[in-house]
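Please look through the structure shown here.

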Amino acid sequence: MALSTRHLLGIKDLTPADISLLLDTAKQFKEVLQRPIKKVPSLRDVTIVNLFYENSTRTRISFELAEKRLSADTINFSASGSSVSKGETLLDTVNNILSMKVDMVVMRHSASGAPHFLAKHIPASIINAGDGINEHPTQALLDAFSIIEKFGTLNGTRVAIIGDIMHSRVAQSNIYLLTKMGAEVVVCGPPTLIPKYIDQAFNVRVEYNLTKALEWCDVANVLRIQLERQNQVLFSSLREYSLVYGINKRILDSLEKKITIMHPGPINRGVELDSDVADSDQSIILQQVENGVAVRMAVLYLLAGDRNSS
Amino acid sequence: MDILLRQVRIIDPSSPFHQQQIDILIQNGKIGQIGTIDSPASKEIHIEGLHVSTGWVDVYANFCDPGLEYKETLESGAQAAAAGGYTDVMVLPNTSPVLHNKSGIEYIVQKGKSLPVTIHPIGAITKNAEGKELAEMYDMHESGAVAFSDGTNTIQSSGILLKALQYLKAIDKTVIQVPDDKAISATGLMNEGIESTRLGLPGKPAIAEELMVQRDIELAKYTNSKIHLTGISTLKSIDLIRAAKKEGIAVTCSVTPYHICFCDEDMAQYDTNLKVNPPLRTRADMEAVREGLQDGSVDCIATHHLPQDRDHKLLEFEYADYGMTGLETCFAAIHSCMPELSLEKLVMLLSSNPRRIFDLEMNSIDINAIASFTLFLPEQKWIVKKLETKSKNSPFVGKELTGKAIGIINKDKLFLNEY
C-alpha cells in the first residue's frame with residue numbers, strides 16, 4: 001500500500017484510503033513508541049529539514065521527535081535569525097537548503113498555499129505543518145486518531161468545532177478529514193469568525209449557540225482564540241468571548257452525556273477553556289499530543305517510502 | 001510610404017465597405033483607394049484570411065513609466081500594444097511619481113510621439129492618487145489628459161468623488177473608477193465564496209464592488225456627470241449598470257479579458273498569475289459578464305494590463321503582487337473563450353465604443369480617411385510564447401489560442417508581428 005500523493009499538502013488532496021492507511025500506520029507506530037527501545041531504522045539516510053516560518057512548540061517538537069524515532073537526519077530552521085530576515089525569498093531559501101542534499105521538507109508558513117507553491121518548484125517531498133488559514137493536515141490526522149481511540153470509529157461520530165473557524169487551519173483540515181470519513185460536523189462560534197460560505201463549501205452545519213452545539217456533539221474540538229486577530233474588529237472583547245463561547249465545568253455538567261473535549265493547543269486558559277475543563281477526565285488534550293508523534297511518524301514513513309520506491 | 005493591403009476583409013459597420021473582401025491602398029497615412037487595385041505599391045501585404053478594422057483602443061493599461069521601468073516602459077508597453085493590435089492606449093496615472101500634474105502628462109505625451117501606438121494619458125483625480133485633494137485636472141486636460149482616474153487606488157470618499165464629477169463637467173471629461181470598497185475588501189486575496197473557503201484564502205466579497213457601483217451610479221446621477229466603471233466583475237454589478245443605463249444615467253463600463261475567460265474555480269493551484277483585482281469571481285459572475293458583452297450592457301474591453309516582474313509573482317500567493325499583462329493576448333483570449341461573440345461586436349467593444357466614450361478620433365475605413373487600422377487573423381491558431389511586454393505575468397503563456405492580432409497601421413507606419 002502507498003499513498004496517492006508524494007506530498008502532504010493538505011487533507012483536501014487525500015482519498016479516504018490514504019487517510020485510513022495513515023491512521024493504520026500511525027497505530028503501529030504508537031505500539032513502537034510503547035517499547036523500551038522506541039527508535040526504528042526506517043528513515044536512515046533520509047535528511048529532513050524542518051522549516052518553520054511561524055512560531056510553534058508542539059508541532060515542531062513533535063515532528064522532530066518523529067524524525068528522530070525513525071532515524072532520519074534532521075535540520076531545524078526558523079525564519080527569525082536566518083537570512084529570511086535579510087529579505088531572502090522562500091524559493092531561494094529552500095533551494096539553498098536542497099542543494100545540500102535534503103530529501104524532505106516539513107514547513108510551517110503564515111501564507112496559505114505556501115507549501116503548494118514550493119511543491120510546484122522544488123523536487124523534494126513537502127509536508128505541510130500548517131499554512132496560513134488553510135490547512136494543518138497532521139493536526140487533523142492526530143485529532144482523528146484520538147477520536148478513533150476513544151470511539152472506535154469516525155463514521156457517525158458527532159464533532160463540534162468551536163471558536164475562530166475563519167482563521168483556523170485546524171478547523172479546515174478537520175472538516176476535510178471528518179466529512180471524508182463519515183463523521184458529522186457542526187461549526188460553532190460568533191458569526192464574524194465563521195466563513196460566510198462554509199456550509200456551501202463543506203458538508204457542515206453552522207450553530208451560533210454554544211450550548212446547543214455541545215448538547216448535540218460527542219466531541220468538542222475547541223480552538224484557540226487568536227489574540228492577534230483582535231485588532232480586526234471581529235469580536236468585542238476576550239471577556240465577552242469567554243462569557244458566551246468559553247467552556248466551563250458548569251456547562252459541561254449541565255449536559256445529558258459526558259462529551260469529550262479536545263484542543264489543538266496552546267490553550268488560553270480562562271478564555272476558550274476553563275482550567276477545570278482542560279484538566280478534567282473528559283479532556284483528551286494530552287493524548288492528542290502523544291498521538292501526534294505516532295501520526296507524524298506514519299506521514300514521514302509513508303512519504304519517504306514513496307521516495308525510496310521512485 | 002505606400003502600403004497595399006490585398007484581399008482583406010473589412011470589419012467596420014460605419015464603413016460602406018463593411019464585410020467586403022477588397023484591396024486597400026494607403027498613401028501618406030491616408031486611404032487612397034479601396035477596390036480592386038492593379039498598380040503595385042512600395043509595400044504589399046497579402047495574407048490569407050486577413051481582417052482589418054478601425055484601430056483598437058485599450059482604456060486602462062499600466063505602463064509603469066515613469067518610476068517602475070523594471071516592469072514596463074512606454075516603449076515596451078507600446079510594442080506590446082502594437083503586437084496586440086492596439087493603435088491607441090490610455091495609460092494609468094499610477095506611476096512614480098503619480099501623473100497628477102501638467103508635467104507628468106506632458107512627459108507621457110512627449111515620449112508617446114515617437115512610439116508606434118498613440119498614447120493617451122489618464123490624469124489622476126487627486127494629488128498622488130491618495131483620494132484626499134483634487135489634482136489640477138483642467139491643466140492636465142490642456143496638456144493632453146483624456147480622462148481622469150486614481151486608477152488602482154479607487155476613490156473611497158464619496159465627498160471627493162462627488163466634487164471630482166462636478167469639477168469635470170466644465171471640460172466634459174469622464175471619471176474612470178474600479179469599484180471597490182476597501183473597508184470591506186482590504187484583507188481579501190481572492191473572491192469570497194465557496195472556492196476561497198476551500199482554499200483557505202481570505203475573501204473579497206462581491207458586495208465590496210456592488211456597493212461602490214451603486215454609490216458611483218448615484219453620484220453620477222446627482223452630479224449629472226459622466227462616469228466609466230471598469231473591471232466590472234459581478235452579476236449584480238452588471239444588473240445595476242444595465243438598469244442605470246435604462247434610466248438614462250451617463251454611466252458606461254468595461255470588463256477585463258480575465259473576467260471573461262476565468263473564474264475562481266481556476267485558482268485551485270494558487271497560481272499567482274490569476275491574482276488580480278477585482279478578483280476572479282464565480283462561474284455565474286463570469287457568465288453574466290459574457291452576457292453583458294452580448295446585450296450591450298458592457299461598452300468596452302479594458303485589458304487592465306498590469307505588468308509585474310518575475311520576482312513579484314514567483315512568491316507565496318499572499319505576498320505576490322496583483323495583476324496580469326493583457327495587451328498581446330486580449331483579442332485572442334476573448335475570441336477563444338467566446339467564439340460566439342461576433343467580430344462586428346468585438347470590434348465595437350475594442351474600437352468604436354471606447355472612441356465614442358472618451359472622445360478619441362474615429363476614422364472610418366473609407367477613402368481619404370486617416371489610416372489607423374488593426375490587422376488580425378480571426379482563425380489563426382497560435383501558442384503564446386514570446387511576448388513584447390517586459391513582464392511575463394500571463395496565464396496564457398504556453399497555451400494555444402485562436403485568433404491573432406498581427407499588427408497595426410498607425411501614424412503612417414506599418415507594424416507587423418510574426419504570425
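**Domains, helices and charged pairs**

In chain B, 35 residues of domain 1 are in contact with 47 residues of domain 2. The model is a predicted one. Domain 1 of chain B covers residues 2-51 + 367-416, and domain 2 of chain B covers 55-357. Between the C-alpha centres of these two domains of chain B there are 26 Å.

Chain A is also assigned two domains: domain 1 with residues 11-135 + 292-304, and domain 2 with residues 137-289. Their centres, taken over C-alpha atoms, are separated by 25 Å. To the contact between them, domain 1 of chain A gives 29 residues and domain 2 of chain A gives 26 residues.

Within chain B, helix H1 spans residues 74-83 and is mostly covered, with eight of its ten residues buried. The buried residues of H1(B) are B:Leu74, B:Ser76, B:Gly77, B:Ala78, B:Ala80, B:Ala81, B:Ala82 and B:Ala83. Several elements of chain B take part in covering them, including strand E7 (86-91), helix H2 (102-112) and strand E8 (118-123). Strand E17 (400-410) and strand E18 (413-416) of chain B are also among the elements that cover the buried residues of H1(B). Just after H1(B) comes B:Gly85, which takes a positive phi of about 90 degrees.

Two other helices of chain B, H11 and H12 (residues 343-357), have axes that come within 12 Å and cross at roughly 140 degrees. The crossing of H11(B) past H12(B) is right-handed. On the side of H11(B), the contact is made by B:Cys330, B:Phe331, B:Ile334 and B:His335, and on the side of H12(B) by B:Leu343, B:Leu346 and B:Leu350. Of the residues in this contact of H11(B) with H12(B), six are nonpolar, one is polar and none is charged.

The next topic is charged pairs. Side chains of opposite charge can pair when their charged atoms come close. Over all chains, the structure holds 25 salt bridges.

One of these salt bridges joins A:Asp253 to A:Lys249, with the closest N and O atoms 3.4 Å apart. Both residues lie in helix H10 (residues 249-254) of chain A, where A:Asp253 and A:Lys249 are four residues apart, about one turn of the helix. An α-helix has 3.6 residues a turn, so residues three or four places apart point the same way. A:Asp253 counts as exposed because its relative accessibility is 51%, and A:Lys249 is partly exposed, with a relative accessible area of 26%.

Which parts of chain B does the salt bridge between B:Lys71 and B:Asp321 tie together? The closest N and O atoms of B:Lys71 and B:Asp321 are 3.9 Å apart. B:Lys71 lies in the loop between strand E6 (56-61) and H1 of chain B, and B:Asp321 in the loop between strand E15 (300-301) and helix H11 (330-337) of chain B, so the pair ties together parts that are 250 residues apart in sequence. B:Lys71 counts as buried because its relative accessibility is 9%, while B:Asp321, at 25% relative accessibility, counts as partly exposed.

A further salt bridge of chain B is formed by B:Asp299 with B:Lys245, whose closest N and O atoms are 2.6 Å apart. The pair ties together parts that are 54 residues apart in sequence, because B:Asp299 lies in the loop between helix H10 (283-295) and E15 of chain B and B:Lys245 in helix H8 (residues 235-246) of chain B. B:Asp299 is buried, with a relative accessible area of 7%, and B:Lys245 counts as partly exposed at 24% relative accessibility. Elsewhere, B:Arg6, B:Asp23 and B:Glu44 are joined into one network by salt bridges that share partners.

The last stop is a proline. B:Pro205 is placed in the loop between strand E12 (203-204) and helix H7 (206-223) of chain B. Is B:Pro205 buried or exposed? B:Pro205 counts as buried because its relative accessibility is 13%, and the limit for buried is under 20%. Leaving aside residues up to four places away in sequence, B:Pro205 touches B:Ile184, B:Ser185, B:Glu192 and B:Arg281. B:Asp180 is 25 residues from B:Pro205 along the chain, and the C-alpha atoms of the two are separated by 9.9 Å.

Definitions and conventions: Residues are numbered from 1 along each chain as its sequence is written. Chains are lettered from A and ligands numbered from 1 in the order in which they are written. This is a predicted model: local features need pLDDT of at least 70, side-chain atom pairs count only at pLDDT 80 or more; totals for chains, interfaces and linings use all residues. Side-chain values use heavy atoms; hydrogens and water are left out. Buried means under 20% relative accessible area, exposed over 50%, partly exposed in between (1.4 Å probe, protein chains only). Contact means heavy atoms within 4.5 Å. A salt bridge is a side-chain nitrogen of Lys or Arg within 4 Å of a carboxyl oxygen of Asp or Glu. Axes are lines fitted to C-alpha atoms, for helices over the stretch in contact, and angles run from 0 to 180 degrees between N-to-C directions. A crossing is left-handed if the near helix is turned anticlockwise from the far one by less than a right angle, and right-handed if clockwise. Ala, Val, Leu, Ile, Met, Phe, Trp, Tyr, Cys and Pro count as nonpolar, Asp, Glu, Lys and Arg as charged, and the others, Gly among them, as polar. Domain bounds come from an automatic or database domain assignment.
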